[in-house]
Amino acid sequence: MAFETIIVEVEDYVAVIRLNRPEALNALNDKLLTELATAITAAQANDKVRVLVLTGSDKAFAAGADIKMMREKSFTDVYLEDLFTPETDQITRGRKPIIAAVAGYALGGGCELAMMCDFIIAADTAKFGQPEINLGVMAGLGGTQRLTRFVGKSKAMDMNLTGRFMDAEEAERAGLVSRVVPAKDLMKETMAAAHKIAEKSMITTMAIKESVNRAYETTLHEGLLFERRVFHALFATEDQKEGMSAFLEKRTPQFRDR
C-alpha cells in the first residue's frame, strides 16, 4: 500500500513506520493519522511482523497536531467528528509491542503519540512537551492522562500549565522514557531491542503487554490476580515447555507461538 505521509518498511519481523511530513516537522494531520492507523492495523495483522517501531526524523518525532488543520474548526466540528478519536483508538488497540524511537521534538500530539507506544527509546536530542496552553487549548490525546500516569501529578501539571519542554535526561529520570542513547545510535539501539523482542514467544509478549497495561486500569489486588491467571495460563502453551526445556538444556529456545 502506498502512503503519502509515512514510510513503512518490514524486515526480519520488525515493521518500521516513519512519519514523513518534513515540511511540517511531522505535525499530525488527518491524512497522517489515518495512514498511520491503517499501517499499524495492517502490521498488527501481518504474520511477518512481530514488533513495530514508530519513529520520525532527526529533527522531530512529531512537533504536534497540525494547527493549520485545526485553526478554523468549531466545537461542533471537532465534537461531531470526534477529532482524533477513531485513529488513536485504532493505534492503541493492537496487541503486538510498539516501540517509539524519538529524536528531536516530540511536542503536543507528538509527545502523546509517543506515549501511546509501549515504551520510548529517546535520543539525547529529544525534547518532550505539552505546549497546547500557548494555543489557548489543552492536550487532547492523553497529555493530561497518560503523562500524569508516567511522570506524576507535579511534573504533568508543570508541563501542561507552563508549556515547558522536558529534555531527554529529565524524561528518563521522570520515567517517561525507558532509556536515552546518543542520537547517532537511536535506530541501532531501537532495532536491537525490537529484534530481541521478536525472538520471544508472541503469545508471551502479547500477554505481558496486556498485563502491564492492566496495571493502569485497575487496583493492585485485581491487577495481581489478572497477572497470576495469565501466568498460569501460559503453562498451557508449547512455548512454556520449550522455553523451560531450553533453559535447562543450555540452548537457545525455538519458540513456535503455540
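This is a predicted model: local features need pLDDT of at least 70, side-chain atom pairs count only at pLDDT 80 or more; totals for chains, interfaces and linings use all residues.
A word on terms: strands (E, at least two residues) and helices (H or I, at least four) are DSSP runs numbered from the N terminus, and two strands pair if DSSP finds at least two bridges between them.

Strand 8 (residues 127-129) and strand 9 run antiparallel and are joined by three bridges; Lys-127 has Asp-167 in strand 9 as its bridge partner.

Let's turn to strand 7 (residues 119-123). Four of its five residues are buried, so strand 7 is largely enclosed by the rest of the structure. Buried means under 20% relative accessible area (1.4 Å probe, protein chains only).

Strand 7 pairs in the parallel sense with strand 5 (residues 98-102) over four bridges, and Ile-99 stands opposite Phe-119. Three bridges also join strand 7 to strand 10 (residues 179-181), again running parallel; here Ile-121 stands opposite Arg-179.

## Strand 3, covered on both faces

In a regular strand the side chains alternate between the two faces of the sheet. In strand 3 (residues 51-55), five of the five residues are buried: Val-51, Val-53 and Thr-55 lie on one side, Leu-52 and Leu-54 on the other. Strand 3 pairs in the parallel sense with strand 2 (residues 14-19) over five bridges, and the bridge partner of Ile-17 is Leu-54.

Ile-67, Leu-135 and Val-137 make a nonpolar surface patch of about 270 Å². Leu-135 is found in the loop between strand 8 and helix 6 (146-151). Patch residues have over 30% relative accessible area and no salt bridge, and nonpolar side chains are joined within 5 Å. Areas come from the Shrake-Rupley method with a 1.4 Å probe, and a salt bridge is a side-chain nitrogen of Lys or Arg within 4 Å of a carboxyl oxygen of Asp or Glu.

## About the model

Residues are numbered from 1 along each chain as its sequence is written, and side-chain values use heavy atoms, leaving out hydrogens and water. Local features need pLDDT of at least 70 and side-chain atom pairs count only at pLDDT 80 or more, while totals for chains, interfaces and linings use all residues.

Note on methods:
Patches are made of residues with over 30% relative accessible area and no salt bridge: like charges are joined within 9 Å, nonpolar side chains (Val, Leu, Ile, Met, Phe, Trp, Tyr) within 5 Å. Buried means under 20% relative accessible area, exposed over 50%, partly exposed in between (1.4 Å probe, protein chains only).
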